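Here is a walk through one protein chain. Keep the structure in view and find each residue as it comes up.

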Amino acid sequence: MWSASLFFYQSFLLCGYLYAHYMSRIKVKAQIWLHLILMATATAVTFSQVDKSTLTMLPPPSSVLINLLTQVGPIFVILSATSILMQHWYSAIFHKSVPYHWYGWSNLGSLVALLSFPFIFEVYFNLTMQKQIWITALALLVVLVFMLSVLLSKHKPQTPIQKTSTKSTHFHNKRLLCVVLAACSSMSLISTTQMINVNIPPMPLTWTIPLVIYLLTFIAAFWLPAPKQSLYTLAALIFAVFAGVLMYFLGGQFSAIEQLSMYCLIQLICCFVCHRTLKSIAPTSQSMTSFYLCIAVGSVIGSLLCSIIAPTIFNQLLEYPITLFLVFFIHLPSLKKATATKSLQFIYALTLTVAIGGFTLINQAYTQLDIASERNFYGFISVKDVPLNTAIERRLIDGTTIHGTEVLEGQLSNQNSYYHAQTGVAKTLNALQSNGPLNIGIIGLGAGTLSKYAMQQDKLTFYELNPAVHHMAQRYFSYLRSSRADLEVKIGDGRQLIADEVAKLFPPQDAIIIDAFSSDIIPTHLLTVEAMAIYWQRMKSNGVLLMHISNNHIDLMPILLSHSQQFDKTLLLFEHLNDNPAQLSSKWAVLTSNERIIALLSNPATTVDTERHNMITWTDERHSLLPLIML
């Protein structure tokens with residue numbers, strides 16, 4: 001979702017810059033009024049809706065892009081061009097040099113918007129209010145642009161002296177470099193985000209940090225004077241390359257904070273060097289729009305390479321080290337000019353050669369445990385055979401989250417699983433089975449471990465979003481193949497699939513289990529009031545809802561307490577803690593009004609202390625993780 005959204009952002013930024021580039025060729029006054037008219041028109045069609053049935057028929061990346069296109073596409077193109085056009089109008093009307101620092105201010109605005117959304121708007125305003133605020137601010141912007149148009153129309157553009165700038169001529173020879181620098185910066189942003197999501201134990205809002213660094217380096221680069229390459233740049237890039245390779249292989253040996261700090265430092269170096277080099281080749285007003293257009297083209301290319309092409313051709317996150325090597329390589333010519341001795345120039349080439357050669361050899365050694373891996377729109381899934389004392393354990397891993405295990409050889413206690421006999425899900429299923437055959441829905445397949453609890457007469461329906469997970473579970477684990485129950489696996493969003501079954505009047509289920517993880521966090525749309533209403537409609541009146549809420553960073557109890565009160569259900573909590581670090585602790589919550597199940601499972605250990613938690617209600621309109629973060 002994030003990669004597709006970023007690809008939309010950079011693609012439509014390119015459309016906006018292309019629009020500004022060609023708009024700059026007509027008379028300035030015509031530009032001003034035409035831009036105002038197009039802005040007002042785009043405002044009027046903002047937030048147009050697409051039929052949801054149409055979106056569900058499309059591949060996930062396409063549905064995200066089309067939804068964004070219809071809702072905010074036109075206005076995004078116009079807004080992205082506004083900053084560049086204002087710089088052009090200023091230069092053309094007042095015959096001044098290009099105020100490139102305005103571009104820094106523009107990125108500062110983007111940074112403020114990025115940080116204010118999760119910390120202010122998402123917390124205090126529902127979706128409808130957010131749209132109203134945005135439309136109001138957009139209408140105010142149209143009024144301000146109208147006032148600016150009136151003021152600028154009173155000024156007659158000064159006729160510049162016709163001469164070709166040396167700096168503009170220099171830029172024409174550097175267009176390809178400009179595109180490559182912007183592509184490298186974009187690749188650093190996306191690949192760093194992917195490395196953080198895959199290798200660091202998931203924490204809320206970490207995805208925003210690389211984007212903050214990306215914007216900050218743009219701001220600093222365009223505010224500061226144009227630089228000259230130096231030995232400091234060389235030292236920083238050498239550090240970034242070797243530190244990046246080290247983190248690629250050994251990042252898991254460090255704590256989460258140490259990993260996050262190192263990834264951010266490496267990205268800061270790469271993006272800042274690229275953006276400072278971009279500023280150094282920025283032309284005069286004659287080629288200003290071409291310069292911004294080259295940046296946009298490069299950004300789209302980088303996004304396309306990392307978001308679309310890399311997951312298709314690589315089974316590993318190889319785009320991260322490739323980006324590091326590319327950033328170092330494109331700066332070699334300028335670094336050579338900054339040093340006078342041939343020995344230092346030899347060091348540059350040797351550094352790059354050693355880094356690439358060393359990475360290739362180490363990578364071969366570090367993939368020995370991998371049985372299979374697959375990447376797609378939803379992330380990176382791998383199957384590993386891990387030796388543990390006298391046994392070999394096969395694991396299904398998404399990033400750092402283990403989604404299922406199976407012992408292949410030797411003896412190993414099944415306590416190192418989220419699903420052993422002492423967990424809440426096992427106890428609840430055993431209690432339910434004492435009353436006869438079961439019809440159960442499970443959101444989240446994993447390795448299919450829960451199917452081992454099903455009896456011959458039972459029916460299990462798994463709802464799995466990621467087709468790669470289904471492929472891995474069926475091919476590399478035996479749970480689905482050996483299950484005695486009537487099994488069905490449906491691919492798609494669990495909430496939507498259950499809603500479709502409700503509409504088609506499918507036989508009611510005895511229980512629904514939510515075991516769906518998105519980077520160790522249950523997706524928010526599965527825990528809103530509207531989602532809960534769908535689950536209870538799908539189940540019998542005495543149905544049981546089980547939720548796997550194991551998490552080190554998010555406390556979901558305030559949400560579940562709110563749901564238990566709103567739907568008049570009893571909430572039980574099963575928390576199993578293991579002293580052995582190699583074993584997995586688990587936390588399961590049960591919601592039900594089934595008196596027999598409550599009597600069987602209720603005890604002092606499962607009773608929830610309501611005074612310890614404030615109730616928080618999540619709806620489709622308003623839900624924020626921020627109040628639930630555990631510090």
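The model you are looking at is predicted. Leu144 sits in helix α6. That helix covers residues 127-153.

Together with Trp33, Leu140, Val143, Phe146, Met147 and Val150, Leu144 forms a nonpolar patch on the surface. The accessible area of these residues together is about 620 Å². Which helix supplies the largest share of the patch? Helix α6 does, with six residues.

Now look at α6 as a whole. The helix has 27 residues. From the first C-alpha to the last, α6 reaches 39 Å. That is close to the 39 Å expected at 1.5 Å a residue.

Is Gln87 buried or exposed? Gln87 is buried, because its relative accessible area is 0% and the buried class takes in values under 20%. Look at what Gln87 touches. Leaving aside neighbours within four places in sequence, its contacts are Val98, Pro99, Tyr100, Trp102, Tyr103, Met288 and Tyr292.

His95 counts as partly exposed, with 41% relative accessibility.

Asp568 is exposed, because its relative accessible area is 66% and the exposed class begins over 50%.

Next, go to the strands. Start with β5, residues 439-443. Five of its five residues are buried, so β5 is largely enclosed by the rest of the structure. Check one side, then the other. Asn439, Gly441 and Ile443 are buried on one side. Ile440 and Ile442 are buried on the other. Both faces of β5 are covered.

Which strands pair with β5? One is β6, residues 459-464. β5 and β6 pair in the parallel sense over five bridges. Within this pairing, Ile440 has Leu460 as its bridge partner in β6. Another partner is β8, residues 509-514. Here the pairing is also parallel, over four bridges. Ile442 has Ile513 as its bridge partner in β8.

Six of its six residues are buried, so β8 is largely enclosed by the rest of the structure. β8 also joins strand β9, residues 539-548. These two strands run parallel, joined by five bridges. Ala511 stands opposite Val544 in β9.

Now return to the start of the chain. Leu6 is placed in helix α1, residues 2-23. Leu6 is buried, with a relative accessible area of 6%. Where are its contacts along the sequence? Not counting residues up to four places away, Leu6 touches Leu189, Ile190 and Ser303. Take Ser303. Leu6 and Ser303 are 297 residues apart in sequence. In space they are 7.5 Å apart, C-alpha to C-alpha.

Finally, step back to the whole chain. How many helices and strands does the protein chain have? The count is 22 helices and 11 strands. Of its 631 residues, 51% count as buried. Residues 24 or more positions apart account for 76% of them. The protein chain exposes about 29200 Å². Carbon and sulfur atoms supply 62% of that area.

Conventions. Residues numbered from 1 in each chain as written. Predicted model: local features only at pLDDT ≥ 70, side-chain atom pairs only at ≥ 80, totals over all residues. Heavy atoms only, no water. Buried < 20%, exposed > 50% of the residue type's maximum accessible area, 1.4 Å probe, protein only. Pairing = 2+ DSSP bridges. Patch = residues over 30% accessible without salt bridge, like charges linked within 9 Å, V, L, I, M, F, W, Y side chains within 5 Å. Areas by Shrake-Rupley, 256 points an atom, 1.4 Å probe, with all protein chains shown as cover. Salt bridge = Lys/Arg side-chain N within 4 Å of Asp/Glu carboxyl O. Expected span 1.5 Å × (residues − 1). Contact = heavy atoms within 4.5 Å.
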